[in-house]
Amino acid sequence: MKTLIQFLSWSGLVLSANLVAQEKVTAQQFVDLQEGNKPFAGFRRAHAKGACVTGEFVANGALAPYTKASLFEAGTTAFVGRFSIAGSNPTAPDLKAPVRSLALSFNLSSTEQWRIAMNTPPAMAVTNAHDFYHQIVAIKQGPAAIKAFFNEHPESKDFLNWKASYTPSSSFALEQYNSINAFYLIDNQSNKHAVRWHVMPSDNTPNTLANSNNALFDELANRLAGGPVSFNWVFTLASTDDDETNPAVIWPSSREQISAGVLKIKTIDASEDARCHDINFDPLTLPTGVVATQDPILNARSAAYAESYRRRAKEKLLEALQ
């Protein structure tokens with residue numbers, strides 16, 4: 001047990017050191033800011049409210065020429081995932097949450113995994129971890145600070161345009177979830193293809209359940225009782241005009257898109273011992289055939305996820321020892 005605690009502490013320090021070198025803001029600072037003065041022990045510091053799901057990805061083989069990743073060969077692969085809303089409060093009302101998320105974990109072999117973390121915004125408001133940190137500070141300070149922040153950051157244009165046109169839906173099943181950051185697909189000839197992806201809902205049946213603090217999760221459970229919830233997994237290929245390291249710019253809709261197959265959500269489990277709760281959905285846990293770009297936000301996300309995981313794992317361990 002002592003070894004585990006030492007490992008958790010060491011891994012957080014190493015990732016924080018890497019983040020300091022790149023962006024001059026630590027993972028500890030990020031997570032301190034997210035959790036506030038009264039953290040909810042044992043819960044994720046961001047996206048604390050969530051429920052685990054299981055399902056399968058049915059690949060059509062269309063993306064296989066672009067990547068060595070076995071997931072995209074024609075066939076079916078099981079996954080564990082998690083729907084969640086933004087914020088550090090695991091009991092927050094969810095229907096009006098401005099950001100909804102879908103995370104996936106694929107075990108592709110005994111040694112290879114892929115962790116994916118997607119959100120409803122298609123772009124970041126800023127391009128680096130330092131500015132992202134101060135965006136969160138402004139959000140916590142209130143509307144005047146937020147307005148001042150965006151006035152100082154013209155690169156937020158695409159994010160603000162999306163925000164102005166976006167209305168949160170009444171169901172997790174009706175949202176589009178985006179990778180936000182770009183990655184490289186590596187094919188069998190070692191060619192590199194910069195991509196982003198999104199999953200698009202196949203269903204348009206409206207939510208008929210009454211509003212409640214747990215509306216989104218109750219609605220999803222009710223919907224799944226009638227059968228799987230499906231999403232089309234679509235990849236957008238960058239052109240030479242696109243900067244794959246800049247997450248604040250939305251690529252034009254004219255870019256080539258490839259539908260790689262269908263994600264089918266089959267079950268939901270909101271219990272404390274559900275399968276996804278111990279998974280760190282680190283976006284830099286990648287399989288052969290998928291490589292991270294030099295987008296600095298990717299490194300910041302990975303380090304913050306690791307620090308959040310370290311804290312809640314330590315809290316759960318100490319609770320078990322009492």
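Mentor: Buried means under 20% relative accessible area, exposed over 50%, and partly exposed in between (1.4 Å probe, protein chains only). Helices (H or I, at least four residues) and strands (E, at least two) are DSSP runs, numbered from the N terminus. This is a predicted model, in which local features need pLDDT of at least 70 and side-chain atom pairs count only at pLDDT 80 or more, while totals for chains, interfaces and linings use all residues. Residues are numbered from 1 along each chain as its sequence is written, and side-chain values use heavy atoms, with hydrogens and water left out.

Trainee: How many of the 7 residues of strand 4 are buried?

Mentor: Strand 4 spans residues 113-119 and is mostly covered. The number of its residues that are buried is 6.

Trainee: Which residue in strand 4 is the bridge partner of leucine 104?

Mentor: Two strands pair if DSSP finds at least two bridges between them. Strand 3 (residues 100-107) and strand 4 run antiparallel and are joined by 7 bridges, and a hairpin of 5 residues links them. The bridge partner of leucine 104 in strand 4 is isoleucine 116.

Trainee: Which hand does the disulfide of cysteine 52 and cysteine 276 have?

Mentor: A disulfide is a pair of cysteine sulfur atoms within 2.5 Å, and cysteine 52 and cysteine 276 are joined with S to S 1.9 Å. The torsion about their S-S bond is about -80°, so the disulfide is left-handed.

Trainee: How many residues apart in sequence are the parts that this pair ties together?

Mentor: Cysteine 52 is buried at a relative accessible area of 3%, and cysteine 276 is buried at 0%. Cysteine 52 lies in strand 1 (residues 50-59) and cysteine 276 in the loop between strand 9 (257-269) and strand 10 (290-292), so the parts tied together are separated in sequence by 224 residues.

Trainee: What is the C-alpha to C-alpha separation of phenylalanine 57 and leucine 263?

Mentor: Phenylalanine 57 has its place in strand 1 and is buried, with a relative accessible area of 0%. Contact means heavy atoms within 4.5 Å; leaving aside neighbours within four places in sequence, the contacts of phenylalanine 57 include Phe72, Phe106, Trp233 and Leu263. Phenylalanine 57 and leucine 263 are 206 residues apart in sequence, yet their C-alpha to C-alpha separation is 4.5 Å.

Trainee: Is histidine 47 buried or exposed?

Mentor: Histidine 47 is found in the loop between helix 2 (27-35) and strand 1. Not counting residues up to four places away in sequence, histidine 47 touches Arg82, Ser84, Ile85, Ala86, Gly87, Val99, Ser101 and Asn119. With a relative accessible area of 19%, histidine 47 is buried.

Trainee: What covers the buried residues of helix 6?

Mentor: Helix 6 (residues 215-224) is mostly covered, with 7 of its 10 residues buried. Among them are Phe217, Glu219 and Arg223. The covering elements include strand 1, strand 2 (75-85), strand 3, strand 8 (229-237) and strand 9.

Trainee: At what angle do helix 3 and helix 4 pack?

Mentor: Axes are lines fitted to C-alpha atoms, for helices over the stretch in contact, and angles run from 0 to 180 degrees between N-to-C directions. For helix 3 (residues 129-141) and helix 4 (residues 143-151), the axes are 6 Å apart. The packing angle is about 150°.
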